[in-house]
Amino acid sequence: MSIVDMRVAGKPGDYKSNIKPIWCPGCGDYHVLMSFTRAFAELGLPPEQIVVVSGIGCSSRIPAYTNCYGFHGVHGRSLAVASGLKVSRPDLTVVVASGDGDGYSIGGNHFLHACRRNIDMTYVVMDNRVYGMTKGQPSPTTEPDFDTALSPGGTGLRPFHPLVIALASGANFIARCFSGEPNETASVLVEAIKHPGFSFVEILSPCVTFRPDETEWKNLVHPAPVAPTNDPAKAVRRIMTDDGFNIGILYRGDRKPYQPEIGQPSADLAELEKEFEL
Ligand SMILES: Cc1ncc(C[n+]2csc(CCOP(=O)(O)OP(=O)(O)O)c2C)c(N)n1
Ligand code: SF4
């Protein structure tokens, strides 16, 4: 069934659970949650047709705050769960929520291969350039001179470039958003969910507690001055040379999504249990 066939008239509030978020006051993730529910309402999908999958981190708490189906799994493994789910239930809309630690550090390998597989799902990374939940360690996107008691003098390491890596690995849709612009972010999420294949949306979402400097991002972000392209060579040049605060859809590819044939199980559960009995 297509997204259009299943439309219901929904309001953003219809997609919120009754669990109150416990993020720090001012955390960018509140706005990301708002963008999720606005996007779901705009798509008009019934909540039970959407699954929000996550790993571990402040950002990964999002599934509990929606009333869609959810899976709050283990650190860095959200894409593995989501991939299995989507290939076995292609009728569901699968949205994966992650942080820069969860998604690029412990989950980095899964990120590469999810881009390469190009399964039809949307991967949202709330990037605050720090491990928020575990009290401020540097992540793969932290600047080399981020100087704290946990990383005296900074790590000195070159940051990971998620958008370029996603493009090189085969992601079919690439966008950058800012949490402080929830309407614009919701519109990008709608496009990402509708686009076939693996859509990657990096949302700059400040951690006001461990990166108070990131409140400055609201003055740095600006709309991408160019229309999205389907030419990876053009996209990579733009992404490599922009200032990191270009907001909008940067790449819309046309690769065919991966969807294996769903066959019948070759053995029933009782037979399998018997086979693997110790
Ligand atoms: C296997 C494993 N290793 C380490 C941890 C500890 N841990 C929990 S959350 C986290 C980092 C979260 O950072 P990020 O994904 O950037 O999310 P944020 O909290 O900033 O939103 C770590 C290292 C864990 N839960 N499981
Ligand atoms: S520690 Fe940072 S990322 Fe976590 S809830 Fe607080 S502000 Fe948000």
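Which strands does helix α9 (residues 232-241) lie across, and at about what angle does α9 run to β8? Helix α9 lies across β5 (173-178) and β8 (246-252), and its direction makes an angle of about 160° with β8. Please keep in mind as you read that this is a predicted model.

**The sheet**

Let's start with the strands. There are eight of them in an open sheet of mixed pairing, and their order is β2-β1-β3-β4-β6-β5-β8-β7. The edges are taken by β2 (69-72) and β7 (222-223); each has a single partner strand, so one side of each is left without a neighbour in the sheet. As background, strands of a sheet pair through backbone hydrogen bonds, in either the parallel or the antiparallel sense.

| Strands | Sense | Bridges | Residue pair |
|---|---|---|---|
| β1 and β3 | parallel | five | Val53 and Val96 |
| β5 and β8 | antiparallel | four | Arg176 and Gly248 |
| β7 and β8 | parallel | two | Pro223 and Ile247 |

**Helix α7**

Helix α7 covers residues 182-194, and at 1.5 Å a residue its 13 residues should span 18 Å; the end C-alpha atoms are 18 Å apart, which agrees. Buried residues in α7 include Thr185, Val188, Leu189, Ala192 and Ile193. In an α-helix there are 3.6 residues a turn, so residues three or four places apart point the same way. The cover over the buried residues of α7 includes the helix α1 (29-43) and the strands β3, β4 (121-127), β5, β6 (198-204) and β8.

**Two buried loop residues**

Where in the chain does Asn128 sit? Asn128 belongs to the loop between β4 and α6 (162-169). With a relative accessible area of 12%, under the 20% cut-off, Asn128 is buried. Beyond its neighbours within four places in sequence, Asn128 is in contact with Asp100, Ser205, Pro206, Cys207, Arg211, Glu214 and Trp217.

Gly76 sits in another loop, the one between β2 and α3 (78-88), and counts as buried at 4% relative accessibility. Leaving out residues up to four places away in sequence, Gly76 touches Asp102, Ile106, Gly107 and His110.

Definitions and conventions: Residues are numbered from 1 along each chain as its sequence is written. Chains are lettered from A and ligands numbered from 1 in the order in which they are written. This is a predicted model: local features need pLDDT of at least 70, side-chain atom pairs count only at pLDDT 80 or more; totals for chains, interfaces and linings use all residues. Side-chain values use heavy atoms; hydrogens and water are left out. Two strands pair if DSSP finds at least two bridges between them. Contact means heavy atoms within 4.5 Å. Axes are lines fitted to C-alpha atoms, for helices over the stretch in contact, and angles run from 0 to 180 degrees between N-to-C directions. The expected span of a helix is 1.5 Å times one less than its number of residues. Buried means under 20% relative accessible area, exposed over 50%, partly exposed in between (1.4 Å probe, protein chains only).
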